[in-house]
Amino acid sequence: MAAARPVPPLNTLYFYLTEGCNLRCRHCWIEPPHQSETRQFPALEPGLFRRIIVQAKPLGLSSVKLTGGEPLMHPQIGEILSILREEKIRFNVETNGVLCTPEVARDLVRSGLYHLSVSLDGSDAATHEWVRGVKGCFGAALQGIRNLVAAGIRPQVIMTLMRRNVGQIETLVRLVESLGAGSVKFNIVQPTARGVKMHEAGETLGIRELIELGRWIEKDLAPTVQVRLFYSHPAAFRTLGRMFGQNGDCGICGIRGILGVLGNGSYALCGIGETVPELVFGDAAKDALADVWRDNAVLNEIRGGLPRKLDGICGDCLMKGVCLGSCIAQNYYRSRNLWAPFWFCEEASKLGLFPETRVRKGLPATQEAARREERACTCR
Amino acid sequence: MDVKNPIANPLIVLREEFDDWAILFDPDTGNAFGLNPTGVFIWKLLDGKHNTDDIVSRLCEEADDVPEDAGEHARQFIASLEQQGLVGYEVIAGNPA
């Protein structure tokens, strides 16, 4: 009889609090419907939110992420924050900043917030609002950042890089410095949901350009600015010093200890459950969280196979123990195979741009044969 | 007394990069480890011919601003390599104590 695999602690829950969103971002990987005064969409009911938190604590819960949609658009966001306060769970927030009023900012601080990021995709209104799809959201986001800073929060600004805004990197960093934010993270448009359309329309940056931008930001721009800069390319493209040096950011993905909760109360791998039904694992209103966390077949497949079963360039990458395939949700979305390689690394490899020192090629491979046999296992 | 000199596991691969950092890769387990430039310097002296004091002396000769507690750090580093199975010891028979 095979020994039961140990169940890892459930460290973090990602709450996608609202099904709708107040913006219409053209690169969004979740693709929520646009919510306005006349069109409303469901949000996670606070009573269910509390029951999930209470069930998760004995499983190891130590933090929560509030995201969306737009988490601060939740009609009972004050009640959600008070539950986190009462349950003494620290949390981080991903927001577009538009609804960060002074009152909300103060409430976040007193409720246990430890990190908050605001999306800003341009240093001027025309660019940001072209990306975000709603007039007036640039000024609102800047005011939101000012309100957060006034409350004592030093938010991280996230800029998703694309052809339209690539010329504004430096001006955006200077703007962020002037606002008093703490850091800037540069994201890459993922070919998921609306991001697919951007890739197909040629509105995204090519792999060579993205690699060169990463080097420029980390080596040339970062030493000249006051805020910390992070560039979200996969581990194979990051210098070891950036990952493991002083104040390094190793970027190890916490996927083994994370579970998503969607706005409709479903458990899912993460927000990918909004667009990939087979990555929805249960209904929080009916299913016990401990059962889902322990028994779900996909979660167990990930626990048993990651990173060993990763395929293609990810299987051959020396950083796979850190990177874990970069984003298995994205990899699955693209291929319906949990172990498929990350698109960025695969394209870089085809173009001869994958760093040679990070590939297993040419090294002895005592476990290679076993690994091949276990490959190509898909989840349905 | 026998002397134990640390020696790198010959199966482990060192991949040096442009910025003097390097990856240590264990093909047997698939584990990879990042080494900073000082770690790389020490790794190259784990040849069974140098003991830890020799290695620290070489470090002091070749590097600037070596801290006073470098010897302790070097010992801890080598011990952590040993724990990971990346380093063993070559026992050199000496005179009885």
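The structure is a predicted model. Chain A has 380 residues, and its radius of gyration of 21 Å agrees with the value near 21 Å that a compact globule of that length would have. The domain assignment divides chain A into domain 1, covering residues 12–233, and domain 2, covering residues 256–374. Chain B meets chain A through 14 of its own residues, which are in contact with 15 residues of chain A.

**Overall build of chain A**

- The C-alpha trace of chain A spans about 60 × 50 × 40 Å along its principal axes, and the secondary structure of the chain comes to 16 helices and 10 strands.
- Of the 380 residues in chain A, 43% count as buried.
- When contacts in chain A with a separation of 6 or more are considered, 73% of them are accounted for by residues 24 or more positions apart.

**The two domains of chain A**

- The centres of domain 1 and domain 2 of chain A, taken over C-alpha atoms, are separated by 24 Å.
- Across the boundary between these domains, 27 residues of domain 1 of chain A are in contact with 28 residues of domain 2 of chain A.
- On the domain 1 side of this boundary, the elements that give two or more residues are strand S1 (12–16), helix H1 (46–56) and helix H8 (207–221) of chain A, and S1(A) gives the most, with 5 residues.
- Sorted by class, that side of domain 1 of chain A has 18 nonpolar, 6 polar and 3 charged residues.

**The nonpolar core**

- The largest nonpolar core has 120 residues, and those with the most contacts inside it are Val261(A) and Cys345(A).
- This core draws at least three residues from each of domain 1 (12–233) and domain 2 (256–374) of chain A.
- Leaving aside neighbours within four places in sequence, Cys345(A) is in contact with Pro234(A), Ala236(A), Ile313(A), Cys314(A), Cys317(A), Ser326(A) and Phe354(A).

**Where chain B touches chain A**

- The side of chain B that touches chain A receives two or more residues from each of strand S2 (13–16), strand S3 (22–26) and strand S4 (31–35) of chain B, with the largest share, 3 residues, coming from S4(B).
- By class, this side of chain B has 6 nonpolar, 4 polar and 4 charged residues.
- One of the residues of chain A that meets chain B is Leu240(A), which, leaving aside its neighbours within four places in sequence, is in contact with Glu17(B), Trp21(B), Ile23(B) and Gly34(B).
- Leu240(A) is found in helix H9 (residues 240–244) of chain A, and it counts as buried because it has 25 C-beta neighbours inside 10 Å, where 20 or more are required.
- Although Leu240(A) and Glu218(A) are 22 residues apart in sequence, their C-alpha atoms are 12 Å apart in space.

**A helix of chain B and the residue that follows**

- Just after H3(B), Gly85(B) takes a positive phi of about 80°.

Methods. Residues numbered from 1 in each chain as written. Chains lettered and ligands numbered in written order. Predicted model: local features only at pLDDT ≥ 70, side-chain atom pairs only at ≥ 80, totals over all residues. Contact = placed C-beta atoms within 7 Å. Helix = DSSP H or I, 4+ residues; strand = E, 2+ residues; numbered from the N terminus. Nonpolar A, V, L, I, M, F, W, Y, C, P; charged D, E, K, R; others polar. Domains from an automatic or database assignment. Rg over C-alpha atoms; globule rule 2.2 N^0.38 Å. Buried ≥ 20, exposed ≤ 12 C-beta atoms within 10 Å, placed from the backbone. Core = buried A, V, L, I, M, F, W, Y, C linked by C-beta atoms within 7 Å.
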